Amino acid sequence: MLFRRRLSGMIEQLRGRGASPQAASGRSPRQPFFSRLRAKYDAANTTLDNYKHWSRADGLSASSANSPEVRRTLRNRSRYEVANNSYARGITLTLANDVVGTGPRLQMLTGDDAANRFVESEFAAWCEAVGLPEKLRTMRLARVSDGEAFALLTNNEAVNARVKLDLRLIEADQVASPTLAFESQRYLDGIRFDADGNPISYDVLKHHPGDDFFAVDEEFDTVPAAAVLHYFRSDRPGQIRGIPDITPALPLFAQLRRFTLAVLAAAETAAEFAGILYTDAPANGEADAAEPFEPIELEKRMLLTMPGGWKMAQMKSEQPATTYAEFKKEILNEIARCLNMPFNVAAGNSSGYNYASGRLDHQTYFKSIRVEQTQLARVVLDRILNAWLREAILIEGYLPNSLRTLDSTFEHQWFWDGHEHVDPAKEANAQKIRLASHTTTLAIEFARQGRDWETELKQRAKEIALMRDLGLTIESDESESPPETEVTEDDAEESQEPTTA
């Protein structure tokens, strides 16, 4: 109300002078009177308190922020932590094992069942020959510490398979702009792009820059983009190179190691002193002379007399502090957050979890793994399968006739290892209820376990037929007892609060 009264008074004064409010304020008649009023954000204000915190904020583009020098520094530091920090090593290995597992399995979905089975079998044999699961795990490890992984589709006559396609992994350091190379908007950091932003070719150094024999004018190969697999996560529009996944956690790893070493040093220092000689007498009080910091040799199981006015006390070791374990837990929890990994998985310790809270934390983690598996299938596996089929077509009489053309994309899907349930009995009962209520299918349930439902049913049919031939008892597929739907004691335990063991 006060503001309105003041505004009305200003308008009346301007009218009395024969001038309009717009003219007096310098605004055109068409400009709204309140157009210059702007809302403010606390985070946009720079104060003495937040100046240092936001001093490093910049407006660089994705390519400038992730320049070769910046990425090189991040790679070196993250590799150092992974190589020397037990937690960093364990977290990266766990993530690679959970994402890749024992390796993906192909299921062809064309109309020719015989051709599908043939391709699935031959491709699985090729994956075993080239060690594809191991290479995929290495690529996932490289994305954690290097930010990206590169693989070249090459021909290797030593591959023990009809198709000689192979996957050669190279480190991110080798994909770089050659010395004195001219860089433009279409050529950045060793990658050449077309007008639409699609990679055309990659410049790959023949030797790693970290090799002892690496020269400044080292030669390089220009590899077409069709033969290069570039696996990284793009966090910003226009980003062409990746940064390590553990970049936000690198300072935390350093703090964790520093705190552990400080606690250990304090405990060792306290343990090195058997005792301290001190006096309660004032500065000018009566006490026998004693040299400061003079060591006294002590004999085992002997009485000891002190100079007059002096006392012997033992150093109290107060390390590790009571907050030591809690500090490590909080730091490790913050480290694992940037990888969408729950604390109990990162720490390898679930003593503070009950059944319900453990499953709740794993839901976010498993969803993140499914997202990564989808990206890995699109960026890496689909292109490998396409290259494998193209080479297999060139082998006379190798593929069935229905698969001898690549005019259309063959439908297929990838199966990954399923995640084991903490309580198999509960999961089996829930699966039984879903199937009985027709809210799921066998294909979905087998896919949860990373298995092909057609293959499993055919195998089960063979087993049942053999059991009948041998006269063995066959349990009915339909259970006589209805699925368990009431709340059991185990279900009630899930709602309890977690306790620390």
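**Largest pocket.** I looked up the largest pocket of this predicted model and found 33 lining residues, with F366, R370, G418, H419 and R448 nearest its centre. A pocket here is an open set of points on a 1 Å grid over the protein atoms alone, where a 1.4 Å probe fits and protein lies on both sides within 12 Å along at least five of seven lines, and lining residues have an atom within 4 Å of a point. I noted about 1,200 Å³ of space in this pocket, a volume being the space filled by probe spheres set on the points.

**Sources.** Residues are numbered from 1 along each chain as its sequence is written. Local features need pLDDT of at least 70 and side-chain atom pairs pLDDT 80 or more, whereas totals for chains, interfaces and linings use all residues, and side-chain values use heavy atoms, without hydrogens and water.

**Lining.** I then asked which elements supply at least two residues of this lining, and they are α11 (355-393), β11 (412-415), α12 (424-436) and α13 (442-448). Of these, α11 gives the most, with ten residues. Helices (H or I, at least four residues) and strands (E, at least two) are DSSP runs, numbered from the N terminus.

**N344.** I found N344 in helix α10 (residues 343-347), and it counts as buried because its relative accessibility is 6%, where buried means under 20% relative accessible area with a 1.4 Å probe and protein chains only. Leaving aside neighbours within four places in sequence, N344 is in contact with N349, S350, Y353 and H362, contact meaning heavy atoms within 4.5 Å.

Key
Buried < 20%, exposed > 50% of the residue type's maximum accessible area, 1.4 Å probe, protein only.
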